[in-house]
There are 2 protein chains.
Amino acid sequence: MNSAEELTAGQNLRHLPYNVFAKTCPSRGTLEHVTGRWGALTLGALHEGPFRFNELRRRVDGVSEKMLSQTLHALERDGLVHREAQPTNPPRVDYELTPLGHEVAERLLSLIRFVEGSMDDVLAARQTYDACRD
Amino acid sequence: MNSAEELTAGQNLRHLPYNVFAKTCPSRGTLEHVTGRWGALTLGALHEGPFRFNELRRRVDGVSEKMLSQTLHALERDGLVHREAQPTNPPRVDYELTPLGHEVAERLLSLIRFVEGSMDDVLAARQTYDACRD
DNA sequence: CAGCATCCGAGATGATACTG
DNA sequence: CAGTATCATCTCGGATGCTG
């Protein structure tokens, strides 16, 4: 292998400090928070601005109060979401993305929008796949 | 639209944009295949080239036979992965991304690399969060 | 309004054994 | 090698009731 090939291989194998492909890497857990069923939708919703708890619940259609609460706690702990509670009565709590959260959400939304835009192809592929199994 | 076109609308329907935030949207299911625990890692691994079943298993550290098989089936059905089996003995089966799969994987890897690169910030945020709860 | 505590079923996951 | 089949386990997620 010459030196140019070594450089290419080095980049592809990615000897970075954190490697999500290794099962002990903590980045795997954070990736699951970000890409999880409700994590992805919550980050996507919050990318449009700050929202209160029940506003978020309506935007993330189908999420239960328990799962939204749990999801927000995980994202807050990872430093992606900021929680601001006002000690009023009735209580008012606003959630918003941190700068890091916005950067994550941008990349996530790029993926989400692409998947949405590919659904006709995906559904067509499923029909072809299912047809060949009957 | 005349009545004949309406009758075949199920086949030829032109959809409004798919919206993953609506709980009945099929894009939600595909997004879960793509971002799921093993789906994301499998797409990420396959972005570097075609691999055989057990090669993939070693790259996606920790995945079981069963889950890898299940994950590959879902991604193949969605048209993101192509499976090529050679009827030799012993059998040889190669998996590779389709063009659509590569586009999805690129956006996914952008997210994965960013998360990996942010882990120092994330772990610091966790310590701060946990400290304020004791 | 913004949650938490509890229970419980469904589905995801893992370990093991087996097949072509 | 490339899977499938089966069973045990365990987490996720929804429903409900309650609190400040």
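Tutor: A polar contact is a pair of N or O atoms within 3.5 Å; within protein, one atom must be able to donate a hydrogen and the other to accept it, and residues adjacent in sequence count only if both atoms are side-chain atoms. This is a predicted model, in which local features need pLDDT of at least 70 and side-chain atom pairs count only at pLDDT 80 or more, while totals for chains, interfaces and linings use all residues. Residues are numbered from 1 along each chain as its sequence is written, chains are lettered from A and ligands numbered from 1 in the order in which they are written, and side-chain values use heavy atoms, leaving out hydrogens and water.

Consider DNA strand D. B:His73 places a polar side-chain atom 3.3 Å from one of its phosphate oxygens. For B:Asn54, the corresponding distance to a phosphate oxygen of DNA strand D is 3.0 Å, and for A:Ser64 it is 3.3 Å. Two or more residues each are given to this surface by α3 and α5 (65-77) of chain A and by α5 (53-59), α6 (65-77) and β3 (92-97) of chain B; here helices (H or I, at least four residues) and strands (E, at least two) are DSSP runs, numbered from the N terminus. The largest share, four residues, comes from α6(B). In total, 20 residues surround DNA strand D, and A:Lys66, B:Arg52, B:Ser69, B:Arg83 and B:Tyr95 are the closest; a residue is near a strand if one of its heavy atoms lies within 4 Å of it. Sugar or phosphate supplies 58% of the atoms of DNA strand D within 4 Å of the protein, and bases supply the rest. Sorted by class, the surface has eight nonpolar, five polar and seven charged residues. Nonpolar covers Ala, Val, Leu, Ile, Met, Phe, Trp, Tyr, Cys and Pro, charged covers Asp, Glu, Lys and Arg, and the others, Gly among them, are polar.

DNA strand C has 19 residues around it, with A:Glu65, A:Ser69, A:Arg83, A:Tyr95 and B:Lys66 the closest. Of its atoms that come within 4 Å of the protein, 60% belong to sugar and phosphate. An N or O atom in the side chain of A:His73 is 3.3 Å from a phosphate oxygen of DNA strand C, and a polar side-chain atom of A:Arg83 is 2.7 Å from a phosphate oxygen. B:Lys66 instead has a polar side-chain atom 2.5 Å from a base oxygen of DNA strand C. The elements giving two or more residues to this surface are α4 (53-59), α5 and β3 (92-97) of chain A, and α4 (37-46) and α6 of chain B. Of these, α5(A) gives the most, with four residues. The classes here are eight nonpolar, four polar and seven charged residues.

The strand β3(A) also belongs to an open, antiparallel sheet of three strands in chain A, ordered β1-β3-β2. Because β1 (51-52) and β2 (81-86) of chain A each have a single partner strand, they stand at the edges, and one side of each has no neighbour in the sheet. Two bridges join β1(A) to β3(A), and strands count as paired if DSSP finds at least two bridges between them. In this arrangement, A:Arg52 stands opposite A:Asp94 in β3(A).
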